[in-house]
Amino acid sequence: MKDYLKSRIISALSKSGLSAQSLTETGIDITFEKPKIESHGDLSTNVALLAAKVLKMKPRDIAQKVLDSIDLDPKLVEKAEVAGPGFINFKFTDGYFLSFIERVLEAGENFGRSESGGRKKTQVEFVSANPTGPLTVGHGRNAVFGDTIANVLQWTGHDVTREYYFNNAGRQMRVLGDSVRLRYKEILGEKIDFPEDHYQGEYIREIAQHLYDEHGSSLGDASAEGIFKERAEQEIFEDIKKSLGRLGIAFDVFYNENSLYETGKIKEVIAALDKAGLTYEKDGAKWFKATAVGGEQDKVIVKSTGEPTYRLPDIAYHIEKFRRGFELVIDIFGSDHIATYPDVLLALRSLGHDTEKVKVLIHQFVTIFQNGEVVKMSTRKANFITLDELIDWVGADAVRFFFLMRNIGTHLNFDIDLAKKQSEENPVFYLQYAHARIASILRFAEDEGIPVGRIRQGGSETDFSLLKEKEEIELSKTLGTFPEVVEAAASTYEPHRIIGYLQEVAESFHRFYHVQRVVIPDRKLAASRLAICLATKIVLANGFRILGISAPEKM
RNA sequence: GCGCCCAUAGCUCAAUUGGAUAGAGCAACGGCCUUCUAAGCCGUAGGUUGUUGGUUCGAGUCCAACUGGGCGCACCA
């Protein structure tokens, strides 16, 4: 519709002697938006306001000239008028809106999909927590957001790879192995002064216990780096995958940082940076000369111990992402890592890589409230709430929904008590209820002998011209914008837009339901209304699929 | 001290990427079930968008400064 109006306006501009070309030359594009106020029509363009300067005319005069010579199909556009400071408002016909119903039914579970992504090879890297403990609530926000971004990009025609980057070497993992070793010794009856900087969680004891159950006391002399670390990594990773699985999240690739060493990629990066003259030695460490390429301060890339800092593998990993052919690379992490990526991007750029391909999405923290108090969390200490616990309390659907409800730029307050207590009043139920309600209507209609299946196939039982009530038009109108919403969610990386939209759909449906009865003696009208129900159910279900929440047939 | 993020109704958040009269949900109050699911619908009330300037036809949105909060500023990730 926007394309149609745009072409009509362009030809009206040239017909009326106003140069459409001079507009495009000055970068003025004809765009449309949906006015907030109903009386302003269905689509509005501000082109006359933008053109006023270039054409040296009053906006309203330009708008009027356009309308004087515009040629519009009366089957689609009911009214076009100049309004306010010079907006051109278009009001569409009911028939146009009702045509959305057929379009939704035709596309079915693919309604909302597009190919605007052009099969762009896209990688979404998220979670990427090292296997040192169970996933926490903070990881949960990352995981759910990342998975949903991946969904949205798939819906807009991107070729998406979900990737989890992890490190099973290094200091953290050594400490993990030693933590298990010490707990194991405790089980053997030794008195252990458990170090404060070790992992305090109960899960460490459990892993030690498993080792004891299988090996008895035979591991007393084993090293922390050996079986203890390996067993810990294996068990923890299994748990992590299980937790993610409960939220419907599965990765295509688990990328081990260690492989970057094994294949010499780390050395290649050092060599490349050396060659570019961007490194120097100081205090026994190797530094990246970030200040030479616009950075704030130089950074250590190889410690005096000979171990690289996280930056080096991160750089190497991103070079690998490019090498593997990803045209869009999305990195998702929490705000505590906010300082880490500028250096990495800087190094990539100075090595000649196109960092425009990299999109870094940073989410703010999740603050957990319990018993009216903020729960301060730390993976090392045992006082964190795990993602699993959260899922146990409020269910996977609510977890996903709550994490997606808000823009990632805002802090997320998650009140555990409230979430537990009010689990039945969660906003997610409002949406799911609409879906279940439709399912129930369909069952009832079926019992009454209405051919639901044939209507879904677009059979001739319906006559949409019978749909004249404002609730029917309103609902059809809302359904038709789903593809645009998915598109917007993808281009802004803001999946919460889909939630807002689905709320509108549900609201619009509930209103329709209350005013218009579906299953009525007039079979033609009943079938037509049923078609709206079917289309609504499809849109809701498709939206739920993107968000990763279930679409219940019954509640 | 420096960098990034944030500030909108009593609370939690939206606001179509700069549009016309800033919207929802909770909480409060008043209505609606002999009819396809009341986990629902309708109505009432609630605001100087942290402050001050600037940019322009037009600012919650962009710029600057300030105030208040979060996260960083490692030879941890």
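The model is predicted, and local features need pLDDT of at least 70, side-chain atom pairs count only at pLDDT 80 or more, while totals for chains, interfaces and linings use all residues. Residues are numbered from 1 along each chain as its sequence is written, and chains are lettered from A and ligands numbered from 1 in the order in which they are written. Helices (H or I, at least four residues) and strands (E, at least two) are DSSP runs, numbered from the N terminus.

**Domains**

- Chain A is split into domain 1 (2-92), domain 2 (97-116 + 426-547), domain 3 (121-164 + 251-360) and domain 4 (170-246); these bounds come from an automatic or database domain assignment.
- Between the C-alpha centres of domain 1 and domain 2 there are 31 Å.

**The surface near RNA strand B**

- Around RNA strand B there are 72 residues, of which D283, A339, N407, S440 and T492 come nearest; a residue is near a molecule or strand if its C-beta atom, placed from the backbone, lies within 6 Å of it.
- Two or more residues each are given to this surface by α3 (47-55), β4 (87-92), α7 (170-187), β15 (412-415), α17 (427-447), α20 (482-492) and α21 (496-515).
- The element that gives the most is α17, with ten residues.
- By residue class, the surface near RNA strand B holds 27 nonpolar, 29 polar and 16 charged residues. Here Ala, Val, Leu, Ile, Met, Phe, Trp, Tyr, Cys and Pro count as nonpolar, Asp, Glu, Lys and Arg as charged, and the others, Gly among them, as polar.

**Sheet β8-β9-β10**

- Three strands make an open sheet in the order β8-β9-β10, and the pairing is antiparallel; two strands pair if DSSP finds at least two bridges between them.
- β8 (279-282) and β10 (299-302) are the edge strands with a single partner strand each, so one side of each has no neighbour in the sheet.
- On average, neighbouring strands of this sheet are turned by 45° against each other, direction ignored. Axes are lines fitted to C-alpha atoms, for helices over the stretch in contact, and angles run from 0 to 180 degrees between N-to-C directions.
- Four bridges join β8 and β9 (residues 285-288) in the antiparallel sense, and Y280 has W287 in β9 as its bridge partner.

**Sheet β14-β13-β15**

- This open sheet has three strands in the order β14-β13-β15, with mixed pairing.
- β14 (373-375) and β15 are the edge strands, each pairing on one side only.
- From one strand to the next, the twist averages 35°.
- β13 (residues 366-370) pairs with β15 in the parallel sense over four bridges; V366 has L412 in β15 as its bridge partner, and T367 stands opposite N413 in β15.
- With β14, β13 pairs in the antiparallel sense over three bridges, and F369 stands opposite V374 in β14.
- Helix α6 (residues 137-155) lies across β13 and β15, and runs at about 135° to β13.

**Helices α3 and α4**

- The axes of α3 and α4 (residues 59-69) come within 8 Å and cross at roughly 110°.
- A48, L49, A51, A52 and L55 of α3 meet P59, I62, A63 and V66 of α4; two residues are in contact if their C-beta atoms, placed from the backbone, lie within 7 Å.
- The residues of this contact divide into nine nonpolar, no polar and no charged.
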